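Welcome, and thanks for taking a look. Below is a short briefing on charged side chains and their surroundings.

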Amino acid sequence: MSINDPDGRYANSEQRFHTLPDGRIVVHLARRFVPEPERMTVAAVVPMQAGERIDLFAARTIGVPTAWWRIADANRVIHPEALEQPEGQRLIIALPEAGS
């Protein structure tokens, strides 16, 4: 995933620069705080299909496979593999937050 992906988790993250003692510049992203799911607007609660990966679920439900992280945030999951549970697991689909 590239930070240049407009649908990516870090698309709106600020780039920061740090100069090392030898003059080299290191670029890194500012910390991204995960939003509180309780403050998100739930658009739907949708069951996963048999054998469905989270990127395919994101494509089916919100139309963007690289935006799987929005589903992870809404369901309080850090690692996307945790969302790939048995068929029928119901996942929260939240509306995007302003600016994300």
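Is R60 buried, partly exposed or exposed? R60 counts as partly exposed, with a relative accessibility of 36%; here buried means under 20% relative accessible area, exposed means over 50%, and partly exposed lies in between (1.4 Å probe, protein chains only). Please keep in mind that this is a predicted model, in which local features need pLDDT of at least 70, side-chain atom pairs count only at pLDDT 80 or more, and totals for chains, interfaces and linings use all residues. Residues are numbered from 1 along each chain as its sequence is written, and side-chain values use heavy atoms, with hydrogens and water left out.

**Salt bridges**
- The structure contains five salt bridges, each defined as a side-chain nitrogen of Lys or Arg within 4 Å of a carboxyl oxygen of Asp or Glu.
- One of them joins R60 to E52, with 2.9 Å between the closest N and O atoms; E52 is buried at 11% relative accessibility.
- R24 pairs with D22 at 2.7 Å, N to O, and both residues are exposed.
- R16 bridges to E14, where the closest N and O atoms lie 3.6 Å apart; R16 is partly exposed at 40%, and E14 is partly exposed at 46%.

- D73 sits in helix α2, residues 68–74 (helices are DSSP runs of H or I, at least four residues, numbered from the N terminus).
- The relative accessible area of D73 is 5%, so this residue is buried.
- Leaving aside residues up to four places away in sequence, D73 touches R32, V34, P35, P37 and M40, a contact being heavy atoms within 4.5 Å.

How values were computed: Helix = DSSP H or I, 4+ residues; strand = E, 2+ residues; numbered from the N terminus.
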